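User: Please take a close look at one pair of packed helices. Then set that pair in its wider surroundings.

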Amino acid sequence: MLIFEHSRPGRLNYSQSPAKPASKSAIPQNLLRKSKVLLPEVSEMDTVRHFTRLSQKNFSIDTEFYPLGSCTMKYNPRACNSLAMLPQFISRHPLAPEDTGQGYLACMYELQEILKAVTGMAAVSLTPMAGAQGELIGVMMIRAYHESRGDFDRTEIIVPDAAHGTNPATAVMCGFKVVEIATDKDGNVDLDALKAAVGPKTAGLMLTNPSTLGVFEKNVAEMSRVVHQAGGLLYYDGANLNAVLGKVKPGDMGFDVIHINLHKTFSTPHGGGGPGSAPVGVAERLLPFIPIPIVAKEGDTYRWITEKDKPQSIGRLSAHMGNAGVLLRAYIYVRLLGLDGMHRISEFATLNANYLMAELRKVGFEIAYPNRRASHEFIVTLKDIKDKTGVTAMNLAKRLLDKGYHAPTTYFPLLVPECLLIEPAETESKETLDAFVSSMKEILQEIETQPDMVKGAPHTMPVRKLDDVKAAREPDLAWKPDA
Amino acid sequence: MPFIPHTKEDVAEMLTSIGAKTIEELFDEIPKELISGELTGVPPGLSEMEIARLMMERATQDGFYQNFIGAGAYEHHIPAAVWQITTRGEFYSSYTPYQAEASQGTLQLLYEYQSMMASLTGMDVSNASMYDGATALAEAALMAVRSHKTSRRILIPQTVHPVYRQVVRAIVSNQKIEVVELPYCTECGQILPESLANSNHEDFAALVIPQPNFFGVLEQVDALTDWAHSKNAFAIGVVNPTALALLTPPGEWGSKGADIAVGEGQPLGIPLSSGGPYFGFMACKSELVRQMPGRIIGRTTDLDNKEGFVLTLQAREQHIRRSKATSNICTNQGLMVTAATIFMSLVGPEGLRRVAAQSHANTLELVEQLVKIKGVERAFSGPVFHEAALTLSKPVVDVLSKLKQKGILGGYSLQEQYPELGNTLLVCATETKTESDLQNYAAAMQQALG
C-alpha cells in the first residue's frame, strides 16, 4: 500500500508544524500557488508504521550477508553514526564562520592527513560526493594538467574492458574519447594492447587495482612506465582499495590521481544508494589543480583553503563541502581502527576471499581465474552450468535471496560469461562464510534436481520476479490520485 | 581487533583450507617492491569510549548558535521520527536496490518520493535524486543541451547561487558548453524580463530561472519562462522546495510551464550538518525523461501480477550504456531521500505550507524590525520569500563578529561574491525563530551599529 493510500483530506500532525497559518504575507498574488500539493495527509503513527514496514522489505548489512563484489559491504559501526549526529555537528550551518567550527574542521584536517598517509598521495580533497564524482574530478584534473602545459591534443582516456561503467561514462562527461583495451587470459590488462593504445593523444589511463576481476595487476609498474612515457597520467579508481589498504599505496604504484570510496573501504553506510563520498588524492604535479575547499592547519587553527590560495584549482564541485557528515563518519571509523586496524582490513578481507574461493571450488563451483590469488574478491562462472541446465547466474543470484543472502554482483565484469563477483568483507565471520558455502552447495543440488524451481526464484521475497520490460515500456513513475 | 571477528583457530583453519601458511602469503602476487611496510601518520586505534569522548569535546568546542544564515542551506524543524526511522539499519545499511525483490522497501519509498517531488514541482516525473542542488543544476544544463541539439549555450542569471554557477561552469565546460551570465537589476534584485526582451540573446539551449533567487527575491517567473520558450530554448527552474508549498511550481510557470526543475532538497528534513550530505532533486516534463540522468523507479507487476517496484529506463545509465550514458552518476543520495520522504509525509501539504508561510512571515517581521534601526536599509525592492538582503552602514564583517559575541550568526555577507553591493548582508529567519529571537537579533544589531 502506498503512503498516499493512507491519506485522508484534512488530517494534519499538529505537533510538526506551526500552530496556525501565518498572518503576515507579502507575496504578490500572481506568484502564489493555485494547484494542490499532493503530499499525503497521514497521522504520525501511521507514517511511522508505513516506513517501518517498508524498511522491513529491504535486505541490509544489519540483517543479511552481502557477498557483493566491488562494493565492500562491511559492517557500519553504530558509533560512527551516533557521534556524527551529535547536535552541535548537525546544527552547524556550512557558512558559519571558521572559528565556530574548529572541532569539525580538526576532524576534516586529520581525515585528510590519514588518507594521505594510507594512499601515499601529496594532498587530498574531501569534496567529491560519490565515486563517480571523484572520477569526474580526477579526470578534470588530468585535463587541467595537460592544458596548463599548452598540451591540447590529448583527447583520449584509456579504460580496460573490465572497468566499472562509471569509468568510460566519466571520461565522456569530461569531453574525452574512450579507448578500451582488452584483458589477457590471466585477468591482467593486456600489456601489448596498452602499448599499442598509448600515444600523443593519450591523456591518461583509468585503472582499478586490484581489478574488478579480483586479481592484482602484476604489471602495474610497467603500465605506469608505458603511460607516463607517452605523456599520459595514471588514474586510480579506489573501488577495490579495501584489498590493499595498508599493504600497497596507490602513490607507490605510480598513480597521479586517485579516488577513495569512503562508503566502501571506510565503512560509511550505503544508505540504499548513497550518500557516498569519494575524496581525491593527487601526486605533486597535480597539486595546483586540486578542487576546493580543503582544510589547512595554521598553528592551532584550522581554516578553509579557497580559490585565493589555489588560483589554478579546477574549482568547486559541490555547493558546500561535499558530504560533510559522511566524512565525519569515515573519520570516526579510521580513529577506531587506528594503525593496526588499518593494516588488518586488507589482510582479513583477502583471507576471507581466498577461503571462500577455496571452499566454493571444493563444492563444485568453477572459478574464473583458478590459478590466481583472489584479492578481496573473486569470480565464479556458471557458463558450464548454464550450457547444461539453462540455469543462469541471475537465477542462482535470485535463489540466494531465498536462502537469506544478498546476491553477489552478477554479469559484471561483462567479459566473464555468467559471472558472480563475490566479495566477503573482513567483518564477516568464518561461520557466516561456511553457512554461505552450504547454501551455495544446496543450490547446486537444486539446479540438478529442480532446475525450474531455481529458474523461478525468488520464492520467499515480498514480490516474485518483476516485469522490467513492462516497467520500461509503460513507465509508471509517479502516483496520480485518479490512477 | 576492531570489527574483525576471526579467532586464531579460525585463521588457522582458513589458511589450511586455502593451502597457505600465513596471511602474508596471500599477497604473494603483489610485486615485493610495491609493498609499503608499516604505515606512518596513522594514530593508534581508539576504543568507542575514547572516540566518543573526543567527538563530544570537539562538538562542545563548536557549540550552538542562533542561526540566521540561509544562502542555500536552511534550518527547519525536523520531526524526531524522520531520523529515527531513516537510521534503521534496514535503510541505513542497505545497498543500491539493484536486486529489486530484496529492496522493495527502498524502491517503494523512492517511488513515493518521485510522486511527491513531481507534484511539488508541478512536473510529470522526478528522478531518485542527484548529489546536491549545485550538481543537479549542472546536470540539468547538460540535459538541456543534449535535448536541444543545436545550441551549446546556457544563460544563467547572476541571481542564481554563486557557487551553483561555479559548479555548473566547472562541469559543463568539459563538454565545451558556454555559460553566459545575465546581469540583474540592482534596484529590485531581480532579472528584468524587459531587459531580456531588448537583449540580443538568440542562440541558447536553456535559461536558468531561480525562485526565489539567491537574494531571497522572487523572480517574474512567468515572463522569463515564456521568453525562453519564445527563443526555442528550455526553461530550467532552480527552486526552494519549501517555497513551492506557497509559490507557483515550475511546471505551471508561463503559458507552457518550465521544462526542468531542480534544487537543493536539504530543507526537506535534512540537518545543516556543515554542508552535507544533502540531496539534489530533479524533475521534468515526460517528453524529456529519457534524457534525464540518475536513477528512476517505476511501478510494475510480478509473476503473480502483484504490484512491485524496479529501477527502470536503465538504458540511460552508466552501468548499462557505459560511455553512451546520459551521466556518469551511479550512487546518489538515497538515505537523504529516505529522510525527505518521511519528512514530507509527516508534515503533509498543510504542514509544509505553514512552515513556508511562517518562515516568510518571520523574515518579513525581522526585516521590519531591522530597517527601523539607523544604518539598516533594504537592499532591493523586489518581494522576498524567507530571506532578504540588507545594506548596512558599517562593514558586514564587523557587524557579524559583534553579533557572534552574542551567540548570533547574523547572516551571510554578500560582499565577496557581489562586490558591487558593498556592505550587504543576507538574513534568513525560518519558522524555527520565535518573536523573542527576532527581537534579540534586532537589539544586537542596534548595538552593533550604534
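Analyst: Start with how a helix axis is drawn: axes are lines fitted to C-alpha atoms, for helices over the stretch in contact, and angles run from 0 to 180 degrees between N-to-C directions. Helices here are DSSP runs of H or I with at least four residues, strands are runs of E with at least two, and both are numbered from the N terminus. This is a predicted model, in which local features need pLDDT of at least 70, side-chain atom pairs count only at pLDDT 80 or more, and totals for chains, interfaces and linings use all residues. Residues are numbered from 1 along each chain as its sequence is written, while chains are lettered from A and ligands numbered from 1 in the order in which they are written.

Now the pair. The axes of H9(A) and helix H12 (residues 430-449) of chain A come within 10 Å. They cross at roughly 30 degrees. H9(A) and H12(A) are therefore roughly parallel to each other. The cut-offs for that wording are these: angles under 35 degrees count as roughly parallel, over 145 as roughly antiparallel, 65 to 115 as roughly perpendicular and the rest as oblique. The crossing of H9(A) and H12(A) is right-handed. That term applies if the near helix is turned clockwise from the far one by less than a right angle, and left-handed applies if anticlockwise.

Which residues make the contact of H9(A) with H12(A)? H9(A) supplies Asn352(A), Tyr355(A), Leu356(A), Glu359(A) and Leu360(A). H12(A) supplies Leu433(A), Val437(A) and Met440(A). Two residues are in contact if their C-beta atoms, placed from the backbone, lie within 7 Å. By class, this contact has six nonpolar, one polar and one charged residues. Ala, Val, Leu, Ile, Met, Phe, Trp, Tyr, Cys and Pro count as nonpolar, Asp, Glu, Lys and Arg as charged, and the others, Gly among them, as polar.

Next, the chain-to-chain contact. It takes 170 residues from chain A and 163 residues from chain B. Helix H9 (residues 324-362) of chain A gives the most to the side of chain A that touches chain B, with 22 residues. That side of chain A has 89 nonpolar, 50 polar and 31 charged residues.

The domain assignment of chain A, an automatic or database one, gives domain 1 (79-337) and domain 2 (382-468). Their C-alpha centres lie 33 Å apart.

Chain A also has backbone features to check. Most residues other than glycine have a negative phi, and most peptide bonds are trans. The peptide bond from Phe412(A) to Pro413(A) is cis, with omega near -5 degrees. Pro413(A) is in the loop between strand S12 (409-410) and strand S13 (419-422) of chain A. Ser70(A) is not a glycine, yet has a positive phi of about 60 degrees. Its loop runs between helix H1 (44-55) and helix H2 (78-84) of chain A. Ser70(A) is buried, with 25 other C-beta atoms within 10 Å. A residue is buried if 20 or more other C-beta atoms lie within 10 Å of its own, exposed if 12 or fewer, and partly exposed in between.

Last, the partner chain. Chain B has 13 helices and 15 strands. Buried residues make up 63% of the 450 residues in chain B. The peptide bond from Gly276(B) to Pro277(B) is cis, with omega near -5 degrees.
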